[in-house]
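I opened this entry to look up how two chains sit against each other. My notes follow the order in which I checked things.

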Protein chains: 2
Amino acid sequence: MDFKKFLEIESIEAWKKYIPTLSIDSVIFSFHKNELQVLLLKMKDMESWGLPGGYVKKTENVDEAAVRILKDRTGTENIYLHQFHTFGNRNRSEDAFADYNDDIWYKQRFISIGYYALAEHSQVKLVIDEFSSAVEWHPIEILPEFMMDHRAIFDKALITLREQLNNHPIGYNLLPEKFTMPELQKLYEGILGKKLNRGNFYRKILRYDILTKLDESRKGGAHKAPDLYSFDLEKYNSALKEGLQGNW
Amino acid sequence: MDFKKFLEIESIEAWKKYIPTLSIDSVIFSFHKNELQVLLLKMKDMESWGLPGGYVKKTENVDEAAVRILKDRTGTENIYLHQFHTFGNRNRSEDAFADYNDDIWYKQRFISIGYYALAEHSQVKLVIDEFSSAVEWHPIEILPEFMMDHRAIFDKALITLREQLNNHPIGYNLLPEKFTMPELQKLYEGILGKKLNRGNFYRKILRYDILTKLDESRKGGAHKAPDLYSFDLEKYNSALKEGLQGNW
């Protein structure tokens, strides 16, 4: 069956199952090989890339839909998920299905609620579903062409994530349990897209008081073994909720 | 005509004019008498208070709808407006119109996009429209009972506004053109809901490099006349866009 026919059949169920005009798009970040990466997929019959997304069931809260969609796409549930913006310009979605009948579900004016997720790279299973021809991680420094307004959605997610660095701790879902200071600095640099001064970084991150210095260092290598740290989860979660030390 | 009949007639037009299932709620803050205040209204036939809101026309972008609704409610356009969260739990709106027929516009499951606005108190005209019996400013320290989930929407707006203090300058829409340091500190304290140390406040706010110290002081009063400041709008707008000095 060709893809157009497939969508026409899916459309009938979609009208019954989902709230109209409302979609969800997810910007799923991970940190791998010292790079911030984002999960993109290619829809069948399309050349450009898009963000994984879905719709909200009539029986679901919107946040529940976001969790379900993320699970369907990545196979994992325990991921930091944050709603960051809703995108509602006219014609952001209508033109993508210009060749289809006007009553097809996919050709509606969709208002899309954006969520970003921070996922551990190794935990994510890449699921190619019936709508997609490819699912891949892409380093944020080298991104392909996006469909619709998905580039703007990605950009807004990244800006929000950067701002969140001033309000909340980050790293628990992105780094291994034990990590070195240079690894943590690389994560911040990957998100911010710029180099940070090592001394300033150490001072500032220690002032947040969310790290535990471990009684072990990393073995191997010719240089002095670097100290290992982990997050103090009680303080980390408190800072997630109450904001970081040293803010207003 | 009673209010129920009025809503039934309005409903017919609403179905034609607006995107279904989507609403906007605005949390309009101002700073007056050294207090942070919020604009609340009472719907006819209801005892509890609500946030001013509205719907999105089929011909409008969502952000345009937010501007239009704000203008209708306050008579002003040049207000800082920021989308902060979308509220999509089941049954957040359906029960409020339990006594009405199921096909009335107002009884839908609404997903509501929240915007907060920072308005100059004296510029706002309080408009009582056909749906409302009262429109008033309320100090955020003494709030009445809210309808539906509007208390949760208000709380989320305030949390977001507090977090924004760590990322962006604030005050241009809330203070008069010339102000003293104690007045600026009172604004921050009003938003944060806590007292700040005077010395720390001065140091931190000066480090942001968004203020111009004026060659004048406020006349009158027995004490030493306090220095006046204004915002350096070029630096202020740049910090709005790029983030504050001293952040990551």
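I began with a term: a salt bridge is a side-chain nitrogen of Lys or Arg within 4 Å of a carboxyl oxygen of Asp or Glu. The model I am reading is predicted.

Entry: I looked for salt bridges between chain A and chain B, and the count is zero. I then looked up polar contacts between chain A and chain B and found 21 residue pairs, with both residues at pLDDT 80 or more.

**Entry: which parts touch.** I listed the elements that give two or more residues to the side of chain A that touches chain B. Among them are strands S1 (18-32) and S4 (53-57) and helices H2 (62-74) and H5 (198-207) of chain A. The largest share of that side comes from S1(A), with four residues. Sorted by class, the side of chain A that touches chain B has 15 nonpolar, 14 polar and nine charged residues.

**Entry: extent.** I noted that 38 residues of chain A are in contact with 37 residues of chain B. Between them the two chains bury about 3,100 Å², and 50% of this is on carbon and sulfur atoms.

**Entry: symmetry.** How are two copies of a chain related? By a rotation about an axis and a shift along it.

Definitions and conventions
Residues numbered from 1 in each chain as written. Chains lettered and ligands numbered in written order. Predicted model: local features only at pLDDT ≥ 70, side-chain atom pairs only at ≥ 80, totals over all residues. Heavy atoms only, no water. Contact = heavy atoms within 4.5 Å. Buried area = accessible area lost by both parts, 1.4 Å probe. Polar contact = N/O pair within 3.5 Å; in protein donor to acceptor, adjacent residues only side chain to side chain. Nonpolar A, V, L, I, M, F, W, Y, C, P; charged D, E, K, R; others polar.
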